Amino acid sequence: MSVTNVLMRRGTELAVTHMQSKPEKQEPNGGLVALFAITAILIGLVFWSIEYTYGMVVSTLAVVEDTNPDIYVRIIPSPDPTKPTDENDPELLAPTPLKPITSKLRTTVKHLRSRAGFWSRFRGMSMFVAYTMARGFLSGFVPVPTNSYLGQFVVQSVLSVVLATWQMAWVHIVISEPSPKRFYQRIPSYKTWIKIAPAAALQDVLTAAAFFIPMAIANLAGWLDVSGYQEVPPIVAIYRFMGVSVVPALLAFLISMPARVIFVRVAASMLPEEDETIVPFDRSFGGKVRPAITGGSGKIGLMDAWTTFDWAARIRFAKVIGKTFAMEVALGFFALLVLGGQIFWISKTAKPIDMGAPGL
């Protein structure tokens, strides 16, 4: 999230600076500008919906779902009423293959809807918004320029670890059955922070380092300097900046996946006993978790969180991330064509402003 925010803010700043530096002022068509804004908002909402539902909610469920649970709800398709039913039909007597709920995106969403209602694909949204606002509020006390990538690395890493229990509360809300508690009542006390902080540090510090440090190196090398591109359209300057940012963003993405798995599983191991999980889930992680009441830590260790994540679950999780990424790439190309075409249309129809005219 911090990587995306920095890219969006920096890209916007570059576009504004680039357009303001042009000597010839132009007045764009107001209707086309409004159309562009509406289109950008709609595409942004669709992109956000895909990322939140599949990239965050479904992927989190895939991380914690037990591949071979002791109890499974078997769903047997109802026979066709227009055809006679043979009770000895081998197809009816054969056992139905058991598959995890998160093996398919559609199956997961249907399961959530049956358990938690129509808006279950956005479960945890209140906690997510509160976490985002708290992070933005705290970052306001340490104003670091978006082009100070080392400074952004320190600030974003510290804020993520400080708000680790808020991230943990979001995981608990997503993986558990609907609760009468308000979202803020699900935030653990800061006594729990000591237990979850190492997992948060592993996740957020590694991810931030993988992105901001290469960006700082690229900035020092002058690869992010677009001040000399005044003769090109603003959208081209943004594309050049984004092109340099691809490798650090991809590196951060690859590193964040296993770190994210570890954080989610550590947080899930501390789910309160009174909360029932919405997917089959082994609270003991194969006996690795010892309850605090018996002298244990009451959570799974970082290494055990990864080693107990079996290969079937890893493949299932990778498929969720891969399908989500494919949908976002397809939407990104669509947005590139639509928004790029609208920007070109706006620039072609813009009328020059006569600076010598009376009143100007």
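User: Where is Lys299 found?

Analyst: Lys299 sits in the loop between helix H9 (234–269) and helix H10 (302–307). Helices are DSSP runs of H or I with at least four residues, strands are runs of E with at least two, and both are numbered from the N terminus. This is a predicted model, in which local features need pLDDT of at least 70 and side-chain atom pairs count only at pLDDT 80 or more, while totals for chains, interfaces and linings use all residues. Residues are numbered from 1 along each chain as its sequence is written, and side-chain values use heavy atoms, with hydrogens and water left out.

User: What is the nearest side chain of opposite charge to Lys299, and which residues is Lys299 in contact with?

Analyst: Lys and Arg count as positive and Asp and Glu as negative; His and the chain ends are not counted. A salt bridge requires a side-chain nitrogen of Lys or Arg within 4 Å of a carboxyl oxygen of Asp or Glu. Lys299 has no such partner: Asp304, the nearest side chain of opposite charge, is 8.9 Å away, although Lys299 is buried. Buried means under 20% relative accessible area, exposed over 50%, and partly exposed in between, with a 1.4 Å probe and protein chains only. Contact means heavy atoms within 4.5 Å. Neighbours within four places in sequence aside, Lys299 touches Lys195, Val266, Ser269, Met270 and Val289.

User: How many salt bridges does the structure hold?

Analyst: There are three salt bridges. In one of them, Arg115 and Glu177 meet at 2.3 Å, N to O. This pair links distant parts of the chain, with Arg115 in helix H4 and Glu177 in the loop between helix H7 (164–175) and helix H8 (193–220), 62 residues apart. Arg115 counts as partly exposed at 39% relative accessibility, as does Glu177 at 22%.

User: Which side chains form the other bridges?

Analyst: Lys181 and Glu274 meet at 3.5 Å, N to O. Lys181 belongs to the loop between H7 and H8 and Glu274 to the loop between H9 and H10, so their bridge ties together parts 93 residues apart in sequence. Lys181 is partly exposed at 36%, whereas Glu274 is exposed, with a relative accessible area of 54%. Asp275 and Arg186 form a salt bridge at 3.6 Å, N to O. Asp275 lies in the loop between H9 and H10 and Arg186 in the loop between H7 and H8, 89 residues apart. Both Asp275 and Arg186 are buried.

User: How should I read a helix, and which residues of H4 are buried?

Analyst: One may begin with length: the expected span of a helix is 1.5 Å times one less than its number of residues. Helix H4 (residues 105–116) has 12 residues and should span 16 Å, which agrees with the 16 Å between its end C-alpha atoms. Its buried residues are Leu105, Thr108, Val109, His111 and Leu112. Viewed down the axis of H4, they fall within an arc of 160°, so they line one face of the helix; the arc is that of the directions from the helix axis to the C-beta atoms. Their cover includes helix H2 (30–64) and helix H11 (311–349). Arg106, Lys110 and Ser114 are exposed on the face turned away from the buried side.
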